[in-house]
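Open the model in your viewer and show both chains. This tour gives you selections one by one.

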Protein chains: 2
Amino acid sequence: MRADEMAEEFPVVTLDSDALDAARLLGTHRLPGLVVTDANGCPVAILPGSQVVRFLVPPYVQDDPTLARVLAESMADRAADKLSGKSVRAMLPTPRQEVPTVNRDDTIVEVAALMARVRSPLIAVVDGGGMVGVITVSRLLEFALPRA
Amino acid sequence: MRADEMAEEFPVVTLDSDALDAARLLGTHRLPGLVVTDANGCPVAILPGSQVVRFLVPPYVQDDPTLARVLAESMADRAADKLSGKSVRAMLPTPRQEVPTVNRDDTIVEVAALMARVRSPLIAVVDGGGMVGVITVSRLLEFALPRA
């Protein structure tokens with residue numbers, strides 16, 4: 001089993017994509033995160049869903065969730081305020097979370113080894129610099145386990 | 001929006017569940033992780049998919065993925081060897097990753113605040129000690145974002 005046989009097509013956004021559209025992709029497709037590419041299609045960062053949530057919640061509420069009740073805005077209004085007119089670039093953590101990548105002819109054990117080491121929920125499969133697809137943890141397990 | 005209105009039913013395993021069955025659940029249901037409960041149904045740990053992968057890959061290959069090619073066993077044979085006859089308890093990391101929990105009447109902002117703070121892909125919703133359901137990051141975003 002090679003990496004490109006396990007890779008799936010996956011929604012990808014660029015650094016300049018609309019922040020609200022990207023957040024919606026995570027919600028509607030039930031994804032653990034998005035791969036962010038540069039203008040040339042090369043993967044440059046992962047945007048985990050939890051990072052989008054961090055971006056929406058004010059730091060003082062993250063530190064003390066009991067303060068959540070004093071927040072006057074609704075969550076949807078807050079999300080609209082924080083995300084409208086912003087790009088994906090603005091939501092990324094600093095420093096950026098690098099995209100773990102494997103080559104298309106890497107073996108399933110090599111993919112598993114990288115995933116185990118970096119504890120990432122997804123790995124990008126590349127050929128040269130371009131994206132072939134993505135392998136999630138659950139996809140890997142689908143192929144790694146003996147048939148029932 | 002209250003936590004129990006967002007909560008979903010979610011496959012749950014106990015500490016004594018079969019390790020291979022639990023790993024298969026992650027693969028077939030495309031889940032980011034499982035909630036592990038004790039015999040009374042109280043959540044005691046999260047089993048992330050990446051932890052199962054860590055359990056399958058020998059430490060020396062995690063440290064140096066180029067050694068993956070010297071591994072004689074196939075991934076499926078290795079998974080069968082490592083998981084057969086084991087319980088979920090044996091796969092959990094030490095120390096265990098605690099399950100972040102919210103009460104069923106907590107607000108969406110309180111759920112988001114906790115999720116942001118602990119960077120967990122899922123939160124258990126409890127009533128007393130028992131599980132009501134689970135909220136994933138993507139589920140939260142589904143409710144947190146303004147309608148398109």
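At roughly what angle do the axes of helix H8 of chain A and helix H3 of chain B cross? Select residues 137-144 of chain A and residues 49-56 of chain B: the axes cross at roughly 40 degrees and come within 9 Å. Axes are lines fitted to C-alpha atoms, for helices over the stretch in contact, with angles from 0 to 180 degrees between N-to-C directions. Helices are DSSP runs (H or I, at least four residues), numbered from the N terminus.

This is a predicted model: local features need pLDDT of at least 70, side-chain atom pairs count only at pLDDT 80 or more, and totals for chains, interfaces and linings use all residues. Residues are numbered from 1 along each chain as its sequence is written, chains are lettered from A and ligands numbered from 1 in the order written, and side-chain values use heavy atoms, without hydrogens and water.

Stay on the helix pair. Show A:Val137, A:Leu140 and A:Leu141 in H8(A). They meet B:Gly49, B:Ser50, B:Val52, B:Val53 and B:Leu56 in H3(B). Contact means heavy atoms within 4.5 Å.

Now select the whole interface. Chain A gives 51 residues to the contact and chain B gives 51 residues. The buried area between them is about 4300 Å², with 67% from carbon and sulfur atoms. That area is the accessible area (1.4 Å probe) lost when two parts are put together, summed over both. Pick A:Arg30, A:Met75 and A:Val109 next: they supply 13% of the area that chain A buries against chain B, more than any other three residues.

Key:
Helix = DSSP H or I, 4+ residues; strand = E, 2+ residues; numbered from the N terminus.
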